Amino acid sequence: MAQLISLGSLKAPTSAAKMRASLAKSGCASSSCGSSDGPADMSPEMWERVKDHPCYSEEAHHYFARMHVAVAPACNIQCNYCNRKYDCANESRPGVVSERLDPDQAVKKVIAVANEVPQLSVLGIAGPGDACYDWRKTKETFERVSKEIPDLKLCLSTNGLALPDYVDEIADMAIDHVTITINAIDPEIGAKIYPWVFYDHRRWTGVEASRILLERQMLGLEMLVARDILVKVNSVMIPGINDAHLIEVNKAVKEKGAFLHNIMPLISDPAHGTHFGLTGQRGPTPMEVKALQDKVEGGTKLMRHCRQCRADAVGILGEDRGQEFTMDQLPETVSYDPARREEYRSVVATVRGEHAATKEAAKADLAEVRDAPVLLVAVATRGGGRINLHFGHAQEFQVFEVSPGGVTFVGHRKVEQYCHGGHGEERAFDGIVETLQGVSTVLCAKIGEAPKDRLEKVGIKASDAHAFDWIEAGIAAWYAAEYGTQPAMLTA
Ligand code: CLF
Ligand code: SF4
(Lines give C-alpha, C1' and ligand atoms only; values in the text may rest on other atoms or scores of the structure.)
(Ligands and ions follow the chains in the order given, each with its own letter.)
Protein backbone atom coordinates (compact mmCIF):
# COMPACT_ATOMS: atom_id res chain seq x y z
CA MET A 1 0.00 0.00 0.00
CA ALA A 2 1.36 3.44 -0.90
CA GLN A 3 2.30 5.51 2.10
CA LEU A 4 0.56 8.82 2.51
CA ILE A 5 1.85 12.31 3.06
CA SER A 6 -0.66 14.59 4.73
CA LEU A 7 -0.77 18.33 4.08
CA GLY A 8 -3.81 19.24 6.06
CA SER A 9 -6.67 17.69 4.17
CA LEU A 10 -4.45 16.69 1.28
CA LYS A 11 -3.42 13.09 1.07
CA ALA A 12 -1.11 11.98 -1.68
CA PRO A 13 1.30 9.19 -2.50
CA THR A 14 4.85 9.72 -1.30
CA SER A 15 6.10 10.82 -4.68
CA ALA A 16 6.56 14.59 -4.78
CA ALA A 17 5.75 14.59 -8.49
CA LYS A 18 2.49 12.77 -7.85
CA MET A 19 1.68 15.09 -5.03
CA ARG A 20 2.28 18.18 -7.15
CA ALA A 21 0.14 16.66 -9.88
CA SER A 22 -2.58 16.05 -7.38
CA LEU A 23 -2.37 19.62 -6.11
CA ALA A 24 -2.44 20.96 -9.65
CA LYS A 25 -5.54 18.89 -10.39
CA SER A 26 -7.31 20.52 -7.51
CA GLY A 27 -6.30 23.92 -8.86
CA CYS A 28 -3.81 24.68 -6.14
CA ALA A 29 -0.34 24.05 -7.46
CA SER A 30 1.67 26.29 -9.67
CA SER A 31 5.29 26.67 -10.49
CA SER A 32 4.81 30.42 -10.54
CA CYS A 33 2.62 30.68 -7.53
CA GLY A 34 4.21 33.69 -5.90
CA SER A 35 6.80 34.48 -3.35
CA SER A 36 7.59 32.20 -0.44
CA ASP A 37 9.46 34.98 1.33
CA GLY A 38 8.65 35.61 4.94
CA PRO A 39 6.51 38.37 6.37
CA ALA A 40 7.46 41.88 5.31
CA ASP A 41 8.49 42.76 8.86
CA MET A 42 11.22 40.11 8.96
CA SER A 43 14.64 39.91 7.36
CA PRO A 44 15.25 36.98 4.99
CA GLU A 45 17.86 35.66 7.48
CA MET A 46 15.35 35.71 10.33
CA TRP A 47 12.67 34.12 8.15
CA GLU A 48 15.08 31.31 7.35
CA ARG A 49 15.46 30.64 11.08
CA VAL A 50 11.75 30.54 11.88
CA LYS A 51 9.99 29.49 8.70
CA ASP A 52 9.81 25.81 9.64
CA HIS A 53 9.11 26.32 13.35
CA PRO A 54 5.39 25.89 14.07
CA CYS A 55 5.51 28.03 17.23
CA TYR A 56 7.83 30.83 16.08
CA SER A 57 5.98 31.37 12.79
CA GLU A 58 2.19 31.45 12.57
CA GLU A 59 2.49 30.68 8.88
CA ALA A 60 4.67 27.63 9.55
CA HIS A 61 2.17 26.09 11.94
CA HIS A 62 -0.09 25.26 9.01
CA TYR A 63 2.59 22.95 7.60
CA PHE A 64 5.02 21.81 10.26
CA ALA A 65 4.83 19.72 13.39
CA ARG A 66 6.65 19.59 16.67
CA MET A 67 7.17 16.74 19.07
CA HIS A 68 8.01 16.86 22.75
CA VAL A 69 9.83 14.14 24.63
CA ALA A 70 9.09 13.99 28.34
CA VAL A 71 12.62 13.41 29.64
CA ALA A 72 12.71 16.15 32.30
CA PRO A 73 10.34 15.30 35.18
CA ALA A 74 11.99 17.28 38.00
CA CYS A 75 11.26 20.93 38.75
CA ASN A 76 12.90 23.55 40.95
CA ILE A 77 9.95 25.87 41.51
CA GLN A 78 6.27 25.62 42.34
CA CYS A 79 3.70 27.46 40.25
CA ASN A 80 0.21 27.84 41.65
CA TYR A 81 -1.22 26.62 38.34
CA CYS A 82 0.73 23.37 38.34
CA ASN A 83 0.26 19.97 39.88
CA ARG A 84 3.27 17.72 39.32
CA LYS A 85 0.98 14.83 38.46
CA TYR A 86 0.02 16.75 35.35
CA ASP A 87 1.88 18.20 32.39
CA CYS A 88 3.86 21.39 32.87
CA ALA A 89 1.22 24.07 32.56
CA ASN A 90 3.86 26.37 31.04
CA GLU A 91 3.83 24.33 27.89
CA SER A 92 0.91 21.98 28.12
CA ARG A 93 -2.70 21.52 28.73
CA PRO A 94 -3.59 19.55 31.82
CA GLY A 95 -3.47 15.80 31.45
CA VAL A 96 -1.03 13.25 32.68
CA VAL A 97 2.03 12.59 30.57
CA SER A 98 1.51 9.13 29.12
CA GLU A 99 5.05 8.04 29.88
CA ARG A 100 8.27 9.58 31.04
CA LEU A 101 11.26 8.65 28.93
CA ASP A 102 14.96 8.22 29.44
CA PRO A 103 17.25 9.56 26.69
CA ASP A 104 17.54 6.10 25.06
CA GLN A 105 13.79 5.81 24.74
CA ALA A 106 13.47 9.42 23.63
CA VAL A 107 15.93 8.98 20.75
CA LYS A 108 14.11 5.88 19.58
CA LYS A 109 10.76 7.64 19.72
CA VAL A 110 12.02 10.70 17.81
CA ILE A 111 13.35 8.50 15.00
CA ALA A 112 10.10 6.54 14.83
CA VAL A 113 8.07 9.75 14.65
CA ALA A 114 10.39 11.33 12.05
CA ASN A 115 9.88 8.28 9.84
CA GLU A 116 6.08 8.47 10.12
CA VAL A 117 5.30 12.19 10.45
CA PRO A 118 6.89 14.01 7.51
CA GLN A 119 5.74 17.37 8.88
CA LEU A 120 8.10 17.00 11.86
CA SER A 121 10.52 19.92 12.03
CA VAL A 122 11.13 20.58 15.73
CA LEU A 123 12.04 18.53 18.77
CA GLY A 124 11.08 20.32 21.97
CA ILE A 125 11.80 19.48 25.58
CA ALA A 126 9.17 21.12 27.74
CA GLY A 127 9.05 19.07 30.90
CA PRO A 128 6.93 17.65 32.34
CA GLY A 129 9.18 19.42 34.91
CA ASP A 130 11.89 21.89 33.91
CA ALA A 131 14.20 21.15 30.99
CA CYS A 132 17.13 23.10 32.50
CA TYR A 133 16.79 21.77 36.06
CA ASP A 134 16.92 18.24 34.57
CA TRP A 135 19.72 19.39 32.28
CA ARG A 136 21.73 16.16 32.04
CA LYS A 137 18.83 14.27 30.45
CA THR A 138 17.84 17.21 28.28
CA LYS A 139 21.37 17.64 26.98
CA GLU A 140 21.98 13.96 26.31
CA THR A 141 18.69 13.66 24.43
CA PHE A 142 19.36 16.69 22.23
CA GLU A 143 22.94 15.64 21.48
CA ARG A 144 22.00 12.14 20.48
CA VAL A 145 19.00 13.17 18.37
CA SER A 146 21.14 15.77 16.58
CA LYS A 147 23.57 13.06 15.50
CA GLU A 148 20.75 10.97 14.05
CA ILE A 149 18.64 13.77 12.49
CA PRO A 150 20.86 16.83 12.09
CA ASP A 151 18.23 19.05 10.46
CA LEU A 152 15.70 18.75 13.29
CA LYS A 153 15.44 22.07 15.14
CA LEU A 154 16.03 21.83 18.88
CA CYS A 155 13.73 23.80 21.14
CA LEU A 156 13.84 24.20 24.89
CA SER A 157 11.28 25.49 27.37
CA THR A 158 12.18 26.50 30.91
CA ASN A 159 11.01 28.47 33.93
CA GLY A 160 14.42 30.21 33.74
CA LEU A 161 15.73 29.60 37.26
CA ALA A 162 18.57 27.27 36.23
CA LEU A 163 18.87 28.70 32.71
CA PRO A 164 21.91 31.01 33.17
CA ASP A 165 24.03 28.01 34.23
CA TYR A 166 23.54 26.33 30.84
CA VAL A 167 23.40 29.14 28.28
CA ASP A 168 26.90 28.46 26.98
CA GLU A 169 26.13 24.77 26.48
CA ILE A 170 22.82 25.68 24.83
CA ALA A 171 24.70 27.91 22.39
CA ASP A 172 27.37 25.23 21.75
CA MET A 173 24.66 22.69 20.94
CA ALA A 174 23.07 25.03 18.36
CA ILE A 175 19.75 25.17 20.20
CA ASP A 176 18.33 28.16 18.35
CA HIS A 177 14.95 28.49 20.10
CA VAL A 178 14.41 28.86 23.85
CA THR A 179 11.20 29.68 25.69
CA ILE A 180 11.22 31.24 29.17
CA THR A 181 7.98 31.46 31.11
CA ILE A 182 7.83 34.89 32.75
CA ASN A 183 4.56 35.68 34.47
CA ALA A 184 5.57 38.84 36.33
CA ILE A 185 8.35 41.40 36.51
CA ASP A 186 7.15 42.64 39.89
CA PRO A 187 8.13 40.22 42.70
CA GLU A 188 5.06 41.26 44.71
CA ILE A 189 2.87 39.95 41.87
CA GLY A 190 5.17 36.98 41.36
CA ALA A 191 4.68 36.00 45.00
CA LYS A 192 0.99 35.41 44.25
CA ILE A 193 1.96 32.92 41.53
CA TYR A 194 5.05 31.15 42.96
CA PRO A 195 4.87 29.90 46.58
CA TRP A 196 8.50 28.76 46.52
CA VAL A 197 11.64 28.25 44.46
CA PHE A 198 14.58 25.96 45.17
CA TYR A 199 17.83 27.79 44.48
CA ASP A 200 21.40 27.65 45.75
CA HIS A 201 20.69 24.53 47.85
CA ARG A 202 17.75 25.97 49.76
CA ARG A 203 14.08 26.71 49.44
CA TRP A 204 13.00 30.35 49.19
CA THR A 205 9.46 31.59 49.72
CA GLY A 206 7.38 34.76 49.32
CA VAL A 207 8.57 37.89 47.56
CA GLU A 208 12.22 36.85 47.93
CA ALA A 209 11.55 33.66 45.93
CA SER A 210 9.97 35.66 43.10
CA ARG A 211 12.76 38.21 43.14
CA ILE A 212 15.38 35.47 42.71
CA LEU A 213 13.36 33.83 39.94
CA LEU A 214 12.90 37.14 38.12
CA GLU A 215 16.60 38.02 38.31
CA ARG A 216 17.56 34.63 36.91
CA GLN A 217 14.94 34.82 34.15
CA MET A 218 16.13 38.26 33.02
CA LEU A 219 19.78 37.22 33.20
CA GLY A 220 19.04 34.11 31.14
CA LEU A 221 17.12 36.18 28.59
CA GLU A 222 20.01 38.67 28.24
CA MET A 223 22.57 35.88 27.91
CA LEU A 224 20.57 34.10 25.21
CA VAL A 225 19.97 37.27 23.23
CA ALA A 226 23.69 38.12 23.47
CA ARG A 227 24.37 34.76 21.80
CA ASP A 228 21.79 35.44 19.09
CA ILE A 229 19.45 32.68 20.26
CA LEU A 230 15.76 33.36 19.55
CA VAL A 231 13.86 33.72 22.79
CA LYS A 232 10.15 33.37 23.18
CA VAL A 233 8.57 34.46 26.45
CA ASN A 234 5.48 32.62 27.62
CA SER A 235 3.17 34.26 30.14
CA VAL A 236 0.15 32.69 31.79
CA MET A 237 -2.67 35.25 32.02
CA ILE A 238 -4.28 35.06 35.46
CA PRO A 239 -7.27 37.40 35.85
CA GLY A 240 -6.98 39.72 38.84
CA ILE A 241 -3.36 38.75 39.47
CA ASN A 242 -1.16 39.53 36.48
CA ASP A 243 -3.52 40.29 33.58
CA ALA A 244 -3.02 44.09 33.45
CA HIS A 245 0.62 43.63 34.52
CA LEU A 246 1.41 41.57 31.41
CA ILE A 247 1.50 44.82 29.43
CA GLU A 248 4.56 45.76 31.51
CA VAL A 249 6.01 42.28 31.07
CA ASN A 250 5.65 42.65 27.32
CA LYS A 251 7.51 45.98 27.33
CA ALA A 252 10.27 44.65 29.57
CA VAL A 253 10.98 41.54 27.52
CA LYS A 254 10.95 43.60 24.34
CA GLU A 255 13.64 45.85 25.81
CA LYS A 256 15.71 42.78 26.62
CA GLY A 257 15.43 41.49 23.05
CA ALA A 258 12.82 38.72 23.21
CA PHE A 259 11.71 37.66 19.73
CA LEU A 260 8.16 36.67 20.60
CA HIS A 261 5.68 36.90 23.49
CA ASN A 262 3.04 34.26 24.00
CA ILE A 263 0.21 35.21 26.37
CA MET A 264 -1.68 32.05 27.28
CA PRO A 265 -4.88 31.74 29.31
CA LEU A 266 -4.68 30.14 32.75
CA ILE A 267 -6.23 26.68 32.63
CA SER A 268 -7.84 26.19 36.00
CA ASP A 269 -9.96 23.27 37.08
CA PRO A 270 -10.42 21.88 40.61
CA ALA A 271 -10.02 18.38 39.12
CA HIS A 272 -6.37 19.14 38.30
CA GLY A 273 -5.59 19.64 41.97
CA THR A 274 -3.66 22.88 41.46
CA HIS A 275 -3.68 25.68 44.01
CA PHE A 276 -5.52 27.98 41.61
CA GLY A 277 -7.93 25.21 40.64
CA LEU A 278 -8.75 24.39 44.25
CA THR A 279 -9.12 28.02 45.33
CA GLY A 280 -11.48 28.96 42.52
CA GLN A 281 -9.12 31.21 40.55
CA ARG A 282 -10.73 31.48 37.14
CA GLY A 283 -9.01 31.55 33.77
CA PRO A 284 -9.72 34.36 31.28
CA THR A 285 -12.36 34.11 28.55
CA PRO A 286 -11.17 34.05 24.91
CA MET A 287 -12.36 37.64 24.47
CA GLU A 288 -10.39 38.75 27.56
CA VAL A 289 -7.25 37.13 26.13
CA LYS A 290 -7.84 38.84 22.80
CA ALA A 291 -8.44 42.23 24.46
CA LEU A 292 -5.14 41.97 26.34
CA GLN A 293 -3.26 40.79 23.26
CA ASP A 294 -4.68 43.73 21.31
CA LYS A 295 -3.48 46.12 24.03
CA VAL A 296 0.13 44.95 23.78
CA GLU A 297 0.29 45.27 20.00
CA GLY A 298 3.30 47.42 19.22
CA GLY A 299 5.37 45.76 21.93
CA THR A 300 7.09 42.41 21.49
CA LYS A 301 5.65 40.50 18.55
CA LEU A 302 2.87 38.24 19.78
CA MET A 303 2.30 34.55 19.31
CA ARG A 304 -1.44 33.93 19.11
CA HIS A 305 -1.55 30.36 17.87
CA CYS A 306 -0.26 28.49 20.94
CA ARG A 307 -2.18 25.32 21.77
CA GLN A 308 -0.77 24.85 25.30
CA CYS A 309 0.42 21.42 24.34
CA ARG A 310 1.27 18.43 26.43
CA ALA A 311 4.86 17.73 27.41
CA ASP A 312 4.66 14.63 25.20
CA ALA A 313 2.71 16.13 22.28
CA VAL A 314 3.34 14.90 18.73
CA GLY A 315 2.04 16.44 15.51
CA ILE A 316 0.78 19.65 13.95
CA LEU A 317 -0.30 22.18 16.61
CA GLY A 318 -3.87 21.43 17.57
CA GLU A 319 -3.66 17.71 16.87
CA ASP A 320 -2.03 15.23 19.18
CA ARG A 321 -0.73 11.99 17.76
CA GLY A 322 1.20 11.09 20.90
CA GLN A 323 -0.90 8.01 21.56
CA GLU A 324 0.24 6.51 18.24
CA PHE A 325 3.85 6.53 19.40
CA THR A 326 3.91 5.13 22.92
CA MET A 327 6.98 2.98 23.62
CA ASP A 328 5.04 -0.29 23.53
CA GLN A 329 4.00 0.41 19.93
CA LEU A 330 7.48 1.14 18.61
CA PRO A 331 9.47 -1.53 16.75
CA GLU A 332 12.41 -3.17 18.52
CA THR A 333 14.93 -1.25 16.44
CA VAL A 334 14.49 1.88 14.35
CA SER A 335 16.72 3.62 11.85
CA TYR A 336 16.10 7.04 10.40
CA ASP A 337 14.97 7.35 6.80
CA PRO A 338 14.98 11.01 5.67
CA ALA A 339 13.06 10.40 2.41
CA ARG A 340 9.55 11.34 3.51
CA ARG A 341 10.54 14.48 5.37
CA GLU A 342 12.64 15.68 2.43
CA GLU A 343 9.86 15.02 -0.02
CA TYR A 344 7.31 16.79 2.15
CA ARG A 345 9.53 19.85 2.42
CA SER A 346 9.89 20.18 -1.30
CA VAL A 347 6.11 20.07 -1.69
CA VAL A 348 5.57 22.61 1.09
CA ALA A 349 8.09 24.97 -0.49
CA THR A 350 5.82 25.18 -3.52
CA VAL A 351 2.48 25.20 -1.75
CA ARG A 352 3.34 27.85 0.82
CA GLY A 353 4.40 30.14 -2.02
CA GLU A 354 0.90 29.95 -3.41
CA HIS A 355 -0.58 30.48 0.04
CA ALA A 356 1.50 33.66 0.46
CA ALA A 357 0.36 34.90 -2.94
CA THR A 358 -3.32 34.34 -2.13
CA LYS A 359 -2.89 36.26 1.13
CA GLU A 360 -1.58 39.23 -0.81
CA ALA A 361 -4.39 38.95 -3.35
CA ALA A 362 -6.95 38.77 -0.53
CA LYS A 363 -5.49 41.90 1.02
CA ALA A 364 -5.76 43.75 -2.28
CA ASP A 365 -9.39 42.62 -2.71
CA LEU A 366 -10.32 43.76 0.78
CA ALA A 367 -8.80 47.18 0.21
CA GLU A 368 -11.59 47.71 -2.32
CA VAL A 369 -14.27 47.22 0.35
CA ARG A 370 -15.38 50.51 1.91
CA ASP A 371 -16.85 51.35 5.33
CA ALA A 372 -17.34 47.78 6.43
CA PRO A 373 -17.18 46.60 10.05
CA VAL A 374 -14.36 44.74 11.79
CA LEU A 375 -15.58 41.18 12.29
CA LEU A 376 -14.40 37.90 13.78
CA VAL A 377 -14.68 34.84 11.54
CA ALA A 378 -14.19 31.30 12.83
CA VAL A 379 -12.75 28.74 10.40
CA ALA A 380 -12.93 24.96 10.61
CA THR A 381 -9.61 23.62 9.34
CA ARG A 382 -7.57 20.48 9.66
CA GLY A 383 -4.42 22.37 8.63
CA GLY A 384 -2.65 23.14 5.39
CA GLY A 385 -3.99 26.71 5.46
CA ARG A 386 -7.38 25.82 3.99
CA ILE A 387 -11.05 25.81 5.00
CA ASN A 388 -11.19 22.05 4.89
CA LEU A 389 -13.06 20.62 7.87
CA HIS A 390 -16.74 19.89 8.49
CA PHE A 391 -18.38 22.03 11.17
CA GLY A 392 -19.39 18.93 13.11
CA HIS A 393 -15.88 17.48 13.12
CA ALA A 394 -14.10 20.56 14.45
CA GLN A 395 -12.38 20.26 17.82
CA GLU A 396 -11.16 23.81 17.51
CA PHE A 397 -11.87 26.83 15.32
CA GLN A 398 -9.21 29.21 14.11
CA VAL A 399 -10.43 32.78 14.55
CA PHE A 400 -9.55 35.60 12.18
CA GLU A 401 -10.29 39.29 12.28
CA VAL A 402 -11.36 40.73 8.95
CA SER A 403 -11.73 44.36 7.96
CA PRO A 404 -10.96 46.40 4.85
CA GLY A 405 -7.41 46.45 6.23
CA GLY A 406 -6.95 42.71 5.80
CA VAL A 407 -7.36 39.30 7.42
CA THR A 408 -5.44 38.67 10.64
CA PHE A 409 -5.20 35.51 12.69
CA VAL A 410 -6.24 36.25 16.28
CA GLY A 411 -6.33 32.87 17.96
CA HIS A 412 -8.06 29.54 18.22
CA ARG A 413 -10.98 28.34 20.29
CA LYS A 414 -11.13 24.74 21.44
CA VAL A 415 -14.55 23.08 21.36
CA GLU A 416 -16.09 19.69 21.94
CA GLN A 417 -16.75 17.91 18.64
CA TYR A 418 -20.42 18.39 17.71
CA CYS A 419 -21.03 15.49 15.39
CA HIS A 420 -20.43 11.84 16.26
CA GLY A 421 -21.51 9.21 13.76
CA GLY A 422 -24.07 11.47 12.09
CA HIS A 423 -25.65 12.73 15.32
CA GLY A 424 -25.21 16.19 16.75
CA GLU A 425 -24.62 16.47 20.50
CA GLU A 426 -26.83 19.08 22.19
CA ARG A 427 -24.38 19.76 24.99
CA ALA A 428 -21.50 20.19 22.52
CA PHE A 429 -23.55 22.61 20.43
CA ASP A 430 -24.28 24.81 23.44
CA GLY A 431 -20.58 24.77 24.30
CA ILE A 432 -19.63 25.77 20.76
CA VAL A 433 -22.04 28.71 20.83
CA GLU A 434 -20.58 29.86 24.12
CA THR A 435 -17.01 29.44 22.87
CA LEU A 436 -17.71 31.37 19.69
CA GLN A 437 -18.58 34.47 21.69
CA GLY A 438 -17.89 37.57 19.57
CA VAL A 439 -17.70 35.61 16.31
CA SER A 440 -20.04 36.73 13.54
CA THR A 441 -19.54 33.96 10.97
CA VAL A 442 -18.29 30.39 10.71
CA LEU A 443 -16.69 29.19 7.48
CA CYS A 444 -16.29 25.44 7.06
CA ALA A 445 -16.07 22.69 4.45
CA LYS A 446 -19.59 21.46 5.16
CA ILE A 447 -22.43 22.18 7.57
CA GLY A 448 -25.88 20.63 7.84
CA GLU A 449 -29.03 22.74 7.62
CA ALA A 450 -29.99 22.03 11.25
CA PRO A 451 -26.82 23.37 12.94
CA LYS A 452 -26.69 26.19 10.40
CA ASP A 453 -30.22 27.32 11.32
CA ARG A 454 -29.50 27.01 15.02
CA LEU A 455 -26.35 29.11 14.70
CA GLU A 456 -28.32 31.71 12.76
CA LYS A 457 -30.85 31.92 15.60
CA VAL A 458 -28.09 32.97 18.01
CA GLY A 459 -26.72 35.51 15.56
CA ILE A 460 -23.87 33.50 14.02
CA LYS A 461 -23.92 32.97 10.26
CA ALA A 462 -22.38 29.81 8.82
CA SER A 463 -21.31 29.02 5.28
CA ASP A 464 -19.65 26.21 3.37
CA ALA A 465 -19.57 28.21 0.14
CA HIS A 466 -15.81 28.61 0.44
CA ALA A 467 -14.97 24.97 1.13
CA PHE A 468 -11.31 24.11 0.43
CA ASP A 469 -10.35 27.72 -0.34
CA TRP A 470 -7.20 29.09 1.23
CA ILE A 471 -8.37 30.55 4.52
CA GLU A 472 -7.54 34.21 3.83
CA ALA A 473 -8.91 34.03 0.29
CA GLY A 474 -12.13 32.39 1.49
CA ILE A 475 -12.66 34.97 4.23
CA ALA A 476 -11.92 37.85 1.86
CA ALA A 477 -14.31 36.47 -0.75
CA TRP A 478 -17.05 36.01 1.85
CA TYR A 479 -16.50 39.51 3.30
CA ALA A 480 -16.43 41.19 -0.09
CA ALA A 481 -19.65 39.40 -1.06
CA GLU A 482 -21.30 40.47 2.19
CA TYR A 483 -20.14 44.04 2.29
CA GLY A 484 -18.29 44.97 -0.86
CA THR A 485 -21.21 45.57 -3.12
CA GLN A 486 -23.94 46.31 -0.63
CA PRO A 487 -22.68 49.10 1.62
CA ALA A 488 -26.26 50.00 2.52
CA MET A 489 -26.42 46.79 4.56
CA LEU A 490 -23.71 48.00 6.88
CA THR A 491 -25.91 50.25 8.90
CA ALA A 492 -28.68 47.67 9.14
FE1 CLF B 1 7.54 22.85 22.04
FE2 CLF B 1 7.40 25.21 23.08
FE3 CLF B 1 9.36 24.62 21.45
FE4 CLF B 1 6.92 24.92 20.51
S5 CLF B 1 5.42 24.15 22.08
S6 CLF B 1 9.01 23.71 23.41
S7 CLF B 1 8.17 26.51 21.46
S8 CLF B 1 8.30 23.24 20.05
FE9 CLF B 1 4.30 25.95 20.98
FE10 CLF B 1 3.01 24.17 22.36
FE11 CLF B 1 2.49 26.73 22.69
FE12 CLF B 1 4.72 25.73 23.52
S13 CLF B 1 2.15 25.56 20.85
S14 CLF B 1 2.74 25.20 24.27
S15 CLF B 1 4.45 27.62 22.38
FE1 SF4 C 1 4.97 23.05 37.03
FE2 SF4 C 1 6.38 23.88 34.95
FE3 SF4 C 1 5.85 25.57 37.02
FE4 SF4 C 1 7.59 23.56 37.31
S5 SF4 C 1 7.78 25.34 35.94
S6 SF4 C 1 5.94 24.12 38.73
S7 SF4 C 1 6.66 21.92 36.08
S8 SF4 C 1 4.36 24.68 35.60
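Visitor: What should I know before I start?
Guide: This is a predicted model, in which local features need pLDDT of at least 70, side-chain atom pairs count only at pLDDT 80 or more, and totals for chains, interfaces and linings use all residues. Residues are numbered from 1 along each chain as its sequence is written, chains are lettered from A and ligands numbered from 1 in the order in which they are written, and side-chain values use heavy atoms, with hydrogens and water left out.

Visitor: What is a salt bridge, and how many salt bridges are found in the whole structure?
Guide: Side chains of opposite charge can pair when their charged atoms come close. A salt bridge is counted when a side-chain nitrogen of Lys or Arg lies within 4 Å of a carboxyl oxygen of Asp or Glu. The search of the whole structure gives 29 salt bridges.

Visitor: Which residues are linked in a network of salt bridges?
Guide: The network links Glu48, Lys51, Asp52, Glu59, Arg345 and Arg352. Lysine 51 and aspartate 52 form a salt bridge, with 3.6 Å between the closest N and O atoms.

Visitor: Is aspartate 52 buried or exposed?
Guide: Buried means under 20% relative accessible area, exposed over 50%, and partly exposed in between (1.4 Å probe, protein chains only). Aspartate 52 has a relative accessible area of 10%, so aspartate 52 is buried.

Visitor: Where in the chain do arginine 211 and glutamate 215 sit?
Guide: Helices (H or I, at least four residues) and strands (E, at least two) are DSSP runs, numbered from the N terminus. Arginine 211 and glutamate 215 are in helix H7 (residues 206-226); they are separated by about one helical turn because they are four residues apart there. Their side chains form a salt bridge at 2.6 Å, N to O. Arginine 211 is partly exposed at 30%, and glutamate 215 is partly exposed at 46%.

Visitor: Which parts of the chain does the pair of arginine 310 and aspartate 320 link?
Guide: Arginine 310 and aspartate 320 meet in a salt bridge of 3.8 Å, N to O. This pair links distant parts of the chain, ten residues apart: arginine 310 is in the loop between strand S12 (302-303) and strand S13 (314-316), and aspartate 320 is in the loop between S13 and helix H11 (339-367). Arginine 310 is buried at 10% relative accessibility, whereas aspartate 320 is partly exposed at 33%.

Visitor: At what angle do helix H3 and helix H4 pack?
Guide: Axes are lines fitted to C-alpha atoms, for helices over the stretch in contact, and angles run from 0 to 180 degrees between N-to-C directions. Helix H3 (residues 103-116) and helix H4 (residues 135-148) pack at about 35°, and their axes are 9 Å apart. By class, their contact (heavy atoms within 4.5 Å) has six nonpolar, one polar and five charged residues. Here Ala, Val, Leu, Ile, Met, Phe, Trp, Tyr, Cys and Pro count as nonpolar, Asp, Glu, Lys and Arg as charged, and the others, Gly among them, as polar.

Visitor: Where is cysteine 155, and which residues is cysteine 155 in contact with?
Guide: Cysteine 155 lies in strand S6 (residues 153-158) and is buried at 11% relative accessibility. Leaving aside neighbours within four places in sequence, the contacts of cysteine 155 include His53, Tyr56, Phe142 and His177. The C-alpha atoms of cysteine 155 and histidine 68 are separated by 9.1 Å, and these residues are 87 residues apart along the chain.
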